[in-house]
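Subject: Structure handover

Hello,

Here is the structure I promised to pass on. Please open it first, then read my notes below.

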Amino acid sequence: MLLNVGTFIRSATRFSPFIITHSSPSSPSSFRFSFSPKQTVSFTLQSSQMSSFTTLSQSPPKLLFRQLFEKESSTYTYLLADCSHPDKPALLIDPVDRTVDRDLNLVKELGLKLIYAMNTHVHADHITGTGLIKGKVPGVKSVISKASGSKADVFVEPGDKISFGDLFLEVRATPGHTMGCVTYVTGDGPDQPQPRMAFTGDALLIRGCGRTDFQGGSSQQLYKSVHSQIFTLPKETLLYPAHDYKGFSVTTVGEEMLYNPRLTKDEETFKNIMENLNLAYPKMIDVAVPANMVCGLQDLEPKAD
């Protein structure tokens, strides 16, 4: 069966699990995409399309990846694991309190060992699930940027690496939506997944970006963050945001550099756009921000008499 791999991978979906493996040494254009422990789709690429995706054949079959969706806040949660490691260590990025049980059930079904529950920033539109996860899975550590001012087990700074098995995520500071925003980027090297993947939080959305009018936000800072820390990644890098409201699931650096209606503009025009969005006050902010400053466990904080 001949199939366009670009269309296949990039189709908009609310749940897009896959593991990329090289199907046959004798057939360099043959790949297997595993969608669950029991389902595998095999196909052959047309030779004319191989040049754009040759890096896939060079990737070791290590990364297990799941994209999960929480509909109330339109939040994406990401599950990553090193499935070639004996312990199958895993991490969750931007978990939501409402879907913690779903996420942990999936981790259990896949036989993974969850070691980190991470946030890209202090969210204003939902309560993080990191605190609940810590209470349900002993040994899991919460992760957030030091610049966020929030509570967590591990505070990360620009240039830090978060290892899970033989894979790792690189931390890049991308403030502007909030002062503590970071982007997590998969490692660069022959033993790391290719193309690279970046989890951008609210700094960069698909054909958009996060607002900059609260939580220490700055349109000037956001513009510089995206252009210096995200748009400098290889153009084929896959970008996964914390939210989407139009049914999209993934984009690339190259696409956003061409088609993002805000960040393709010059800095002054971008600033004017952001200052005139006239967005409503976030309905969850007064609940979510205080909760997320204490890892989503505000109800467990000691109360004064």
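Strand 4 and strand 5 (residues 75-82) are antiparallel partners, joined over eight bridges. Within this pair, Leu-63 sits opposite Asp-82 of strand 5. Please keep in mind that this is a predicted model. Every value below was computed from it.

**The chain as a whole**

The chain has eight helices and 15 strands. It has 305 residues, and 53% of them count as buried. Take the contacts with a separation of 6 or more: residues 24 or more positions apart account for 63% of them.

**Salt bridges**

How many salt bridges does a search of the whole structure find? The search finds ten. Here are some of them.

- Arg-98 with Glu-70: the closest N and O atoms are 3.9 Å apart. Arg-98 lies in the loop between strand 6 and helix 3, and Glu-70 lies in strand 4, so the pair ties together parts that are 28 residues apart in sequence. Arg-98 is exposed, at 51% relative accessibility. Glu-70 is buried, at 3%. The cut-offs behind those words are over 50% for exposed and under 20% for buried.
- Arg-102 with Asp-103: this salt bridge spans 2.8 Å, N to O. Asp-103 is buried, with a relative accessibility of 1%. Arg-102 is partly exposed, at 31%.
- Arg-207 with Glu-255: the N to O distance is 2.9 Å. Arg-207 is in the loop between strand 13 (197-201) and helix 5 (219-230), while Glu-255 is in helix 6 (residues 253-259), so the pair links parts 48 residues apart in sequence. Arg-207 is partly exposed, at 30% relative accessibility. Glu-255 is buried, at 18%.

There is also a network. Glu-170, Arg-172, Asp-188 and Arg-196 are joined by salt bridges that share partners.

**Thr-252 and Glu-255**

The side chain of Thr-252 reaches the backbone nitrogen of Glu-255 at 3.0 Å. Thr-252 lies in strand 15 (residues 251-252). Is Thr-252 buried or exposed? Thr-252 has a relative accessible area of 12%, so it counts as buried.

**Around His-243**

His-243 is in the loop between strand 14 (238-241) and strand 15. At 1% relative accessibility, His-243 is buried. One is with Thr-75, at 3.2 Å. Another is with Asp-125, at 3.0 Å.

What does His-243 touch, leaving aside residues up to four places away in sequence? The list is Ser-73, Ser-74, Thr-75, Tyr-76, His-123, Asp-125, His-126, Asp-202 and Leu-205.

**Cysteines**

The disulfide count is zero. Cys-181 is buried, with a relative accessible area of 3%. Cys-209 is buried as well, with a relative accessible area of 6%.

**Recap**

- Ten salt bridges were found, including Arg-98 with Glu-70 and Arg-207 with Glu-255.
- Buried His-243 makes side-chain polar contacts with Thr-75 and Asp-125.
- No disulfides were counted.

Best wishes

Note on methods. Residues are numbered from 1 along each chain as its sequence is written. This is a predicted model: local features need pLDDT of at least 70, side-chain atom pairs count only at pLDDT 80 or more; totals for chains, interfaces and linings use all residues. Side-chain values use heavy atoms; hydrogens and water are left out. Two strands pair if DSSP finds at least two bridges between them. Helices (H or I, at least four residues) and strands (E, at least two) are DSSP runs, numbered from the N terminus. Buried means under 20% relative accessible area, exposed over 50%, partly exposed in between (1.4 Å probe, protein chains only). A polar contact is a pair of N or O atoms within 3.5 Å; within protein, one must be able to donate a hydrogen and the other to accept it, and residues adjacent in sequence count only if both atoms are side-chain atoms. A salt bridge is a side-chain nitrogen of Lys or Arg within 4 Å of a carboxyl oxygen of Asp or Glu. A disulfide is a pair of cysteine sulfur atoms within 2.5 Å. Contact means heavy atoms within 4.5 Å.
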